[in-house]
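Here's a quick briefing to read with the model open.

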Amino acid sequence: MQIKAALCQMTVVADKEANLEKAAQLIRSAADAGCAIAVLPEMFNCPYDNRLFADYAETWPEGPSLKRLAALAKETKMLVVGGSVPERYRGSLYNTAFVFDAQGTLLTRHRKMHLFDIDIPGGTFFQESATLCAGREITVAQGSGIVFGLGICYDMRFPELARSMTLKGAQILIYPGAFGPETGPAHWELTLRARAVDNQVFTLGVSPAPTQGEGYQAYGNSLAVDPWGRVLAKANRAEALLVVELDLSLLDKVRQELPLLAHRRPLCY
């Protein structure tokens, strides 16, 4: 089985409506290209800034960004992975990805489990935990003929989470993310390829494009990786729509050649 996926690398500005319009343009372009899945970046409706998360936060089902995604999924008859948005839930804020099926119904949501608390001397400082709460659920769902696991940005650094999603049947691991100018060149592609090779799955990493004048600068370079660790498509730092064809039969081929997942217990020698 082959399926087309779109990685929507968009600029994110301090205007929610402008961000929603940009996301809609990219999703419709993905549909025109024959895609079954469209993936937006982390915090696609909001600049990546602790000071703004509360102002941009939305609740389900009232949030305008979430209503727009649901309508776009129904209009285009695609699975839409809504990157992530600040979500307000029971008095707390979360970094949450909402996923809508081809009928526009909420299929699942993933609340970021591993919060981005980082302090690189002379470089990036960010503390998501100062504003956001961590999710607790591993997210695996089925839609548009595929089983996928979902993480957000820093979640991809934890191989145990990727393996748990794979053992629950995920064929594709999807990571909306916003790696920065230090961690991006060092670890973005490396980590996505490692998760693909370790678990013999496809991985999709979807980043915002860097936005001139904004505080936090995302690395961009969205990419898709196959179960052998090969990069199928990669953007640069500019806004882009990456359309990639995923041949799901490759999963069985790679797993037969290298039966890693059969070894679930340590071997004794």
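At 4% relative accessibility, Cys153 counts as buried (buried is under 20% relative accessible area, exposed is over 50%, partly exposed is in between, using a 1.4 Å probe and protein chains only). Keep in mind that this is a predicted model, where local features need pLDDT of at least 70, side-chain atom pairs count only at pLDDT 80 or more, and totals for chains, interfaces and linings use all residues. Residues are numbered from 1 along each chain as its sequence is written, and side-chain values use heavy atoms, with hydrogens and water left out.

**Cysteines**

- A disulfide here is a pair of cysteine sulfur atoms within 2.5 Å, and by that rule the count is zero.
- Cys153 is in no disulfide, as the nearest cysteine sulfur, that of Cys46, is 14 Å away.
- Cys133 is partly exposed, at 31% relative accessible area.

**Aromatic rings**

- Searching the whole structure turns up six aromatic pairs. The rings of Phe, Tyr and Trp (its six-membered ring) pair if their centres lie within 6.5 Å; planes under 30 degrees apart count as stacked, over 60 as edge-to-face and the rest as tilted.
- Tyr48 and Phe53 make an edge-to-face pair, with 5.9 Å centre to centre and 65 degrees between the planes.
- Both partners are buried: Tyr48 has a relative accessibility of 10%, and Phe53 comes in at 0%.
- Trp60 and Phe98 form a tilted pair, because their ring centres are 6.3 Å apart and their planes sit at 35 degrees.
- That pair ties together parts that are 38 residues apart in sequence, because Trp60 lies in the loop between α2 (50–56) and α3 (64–76) while Phe98 is in strand β5 (residues 92–100).
- Trp60 is partly exposed at 30% relative accessibility, whereas Phe98 is buried at 1%.
- Ring pairs also link Tyr216 with Tyr48 and Phe53 into a cluster.

**A charge over two rings**

- A charge sits over a ring if NZ of Lys or CZ of Arg is within 6 Å of the ring centre and within 35 degrees of the ring normal.
- Arg111 lies over the face of Tyr89, at 4.2 Å from the ring centre.
- Arg111 also lies over the face of Tyr94, at 4.9 Å from the ring centre.

**Nonpolar cores**

- In soluble globular proteins, nonpolar side chains tend to be buried together.
- A nonpolar core is a set of buried Ala, Val, Leu, Ile, Met, Phe, Trp, Tyr and Cys residues joined through side-chain atoms within 4.5 Å.
- The largest one has 47 residues, and the members touching the most others are Ile37, Phe148, Ile172, Ile174 and Leu204.
- Leaving out residues up to four places away in sequence, Phe148 has contacts (heavy atoms within 4.5 Å) with residues including Leu79, Val99, Leu107, Ile172 and Ile174.
- There's a second, separate core of 24 residues, with Leu40, Leu66, Leu69 and Ala73 among them.

**Overall fold**

- The chain has six helices and 15 strands, taken as DSSP runs (helices H or I, at least four residues; strands E, at least two) and numbered from the N terminus.
- Of the 269 residues in the chain, 54% are buried.
- Among contacts between residues at least 6 apart in sequence, 68% join residues at least 24 apart.
- The C-alpha atoms fill a box of roughly 55 × 45 × 35 Å along the principal axes.
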